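Please read this note with the sequence and the structure open beside it.

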Amino acid sequence: MVVNAVVYHPTLAHLLRYFDSTVGRDKLMRIVQYFARFYAAYLVRKKTVDPAEISKWRAFMSLVSTARKILRVGKPLQHLKAAGVAFDNKASDAFIRYTAVGRQLAYAGYLTCDFAVLAHSTKLVTLKKPDLIQKLYYRFWLSGIIFSVAGGIYKHVGLYQRDVFLSKQAEKDVVAVKKVQAERAKANTQLALDILDSTIPISGLNLLSIDDGSVGVAGMVSSFIGASEQWKSTA
């Protein structure tokens, strides 16, 4: 009876659905990857830690990063398709439409470079200029985030104005108000994720001096948020 209660418990079923999703597994691996990055930076700051211990955590971070790259193989095609769908959506606001297209195309470029870096690191191919590909990787990533932030801010302003308008009506449409508020919350969450994730390519391109510890914390927080959103979607 106890075994049956555990096996058929709704929480376990939810957990299995979560782990069955590629996004769910990736978010958990991402948390681990950026924790390792943060912890390695923390050990460096202590200055009394054995360098071998620091190397161990950096190697672990690299291993998890490689595993995630393997899971992302083929994703550029998904983003190219999403760009086409966004472009064909003539009913959408023009600014939202074009920022969505820009975001998806930039992410397709970023993930194509991601695969090239994976192929080079695993010795499948030898790139003549791996550093250039790495820079393109970060540039595409940052470009996608910029498009996403621009669209997110625009969407936030529009939804805020819509929310104010609906709230001032003599007879409130409760369903419409709740829908707009839910969309605002979703847009704000994505905006927060974009801002946190922007620290990674910004650091990678040396545009700002952001230490590995800060990047690790930002990556962990954005991963926790992403994992939470995926948990809700698999309920």
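The numbered points below go from the overall fold to single residues.

1. **Basis.** This is a predicted model, in which local features need pLDDT of at least 70, side-chain atom pairs count only at pLDDT 80 or more, and totals for chains, interfaces and linings use all residues. Residues are numbered from 1 along each chain as its sequence is written, and side-chain values use heavy atoms, with hydrogens and water left out.

2. **Overall fold.** The protein has nine helices and zero strands. Helices (H or I, at least four residues) and strands (E, at least two) are DSSP runs, numbered from the N terminus. Along its principal axes, the C-alpha trace spans about 70 × 60 × 35 Å. Of the 235 residues, 36% are buried; buried means under 20% relative accessible area, exposed means over 50%, and partly exposed lies in between (1.4 Å probe, protein chains only).

3. **Contacts along the chain.** A contact means heavy atoms within 4.5 Å. Among contacts between residues at least 6 apart in sequence, 71% join residues at least 24 apart.

4. **Helices 8 and 9.** Two packed helices are described by the angle between their axes and the distance between the axes. Here the axes of helix 8 (residues 174-204) and helix 9 (residues 212-233) come within 9 Å and cross at roughly 145°. Axes are lines fitted to C-alpha atoms, for helices over the stretch in contact, and angles run from 0 to 180 degrees between N-to-C directions. On the helix 8 side, the contact includes Leu-193, Leu-196, Asp-197 and Ile-200; on the helix 9 side, Val-215, Ala-218, Ile-225 and Glu-229 are among the residues involved. By class, this contact has seven nonpolar, five polar and two charged residues. Ala, Val, Leu, Ile, Met, Phe, Trp, Tyr, Cys and Pro count as nonpolar, Asp, Glu, Lys and Arg as charged, and the others, Gly among them, as polar.

5. **Nonpolar core.** Which residues have the most contacts inside the largest nonpolar core? They are Tyr-34, Tyr-107, Tyr-110, Tyr-137, Tyr-138, Trp-141 and Ile-200, in a core of 15 residues. A nonpolar core is a set of buried Ala, Val, Leu, Ile, Met, Phe, Trp, Tyr and Cys residues joined through side-chain atoms within 4.5 Å. Helix 6, helix 7 (130-167), helix 8 and helix 9 each give two or more residues to this core, and helix 7 gives the most, with five. Not counting residues up to four places away in sequence, Tyr-34 touches Trp-141, Ile-200, Val-215, Gly-216, Gly-219, Met-220 and Ser-223.

6. The structure holds nine salt bridges, each a side-chain nitrogen of Lys or Arg within 4 Å of a carboxyl oxygen of Asp or Glu. The side chains of Asp-26 and Arg-68 meet in one of them, at 2.8 Å from N to O. Asp-26 lies in helix 3 (residues 22-46) and Arg-68 in helix 4 (residues 51-71), so this bridge ties together parts that are 42 residues apart in sequence. Asp-26 is buried at 13% relative accessibility, and Arg-68 is buried at 8%. Arg-30 pairs with Asp-197, with the closest N and O atoms 3.0 Å apart. Since Asp-197 is in helix 8 and Arg-30 in helix 3, the pair ties together parts that are 167 residues apart in sequence. Both Asp-197 and Arg-30 are buried.

7. **Salt bridge at Asp-114.** Arg-72 and Asp-114 form a salt bridge through their side chains (3.0 Å, N to O). Arg-72 sits in the loop between helix 4 and helix 5, and Asp-114 in helix 6 (residues 94-121), 42 residues apart. Arg-72 is buried at 9% relative accessibility, and Asp-114 is buried at 2%. Salt bridges that share partners join Lys-69, Arg-72 and Asp-114 into one network.

8. **Two further residues.** Is His-79 buried or exposed? His-79, in helix 5 (residues 75-88), is buried, with a relative accessible area of 14%. Leaving aside residues up to four places away in sequence, His-79 touches Gln-104, Tyr-107, Ala-108 and Leu-111. Phe-147 is in helix 7 and counts as partly exposed at 36% relative accessibility.
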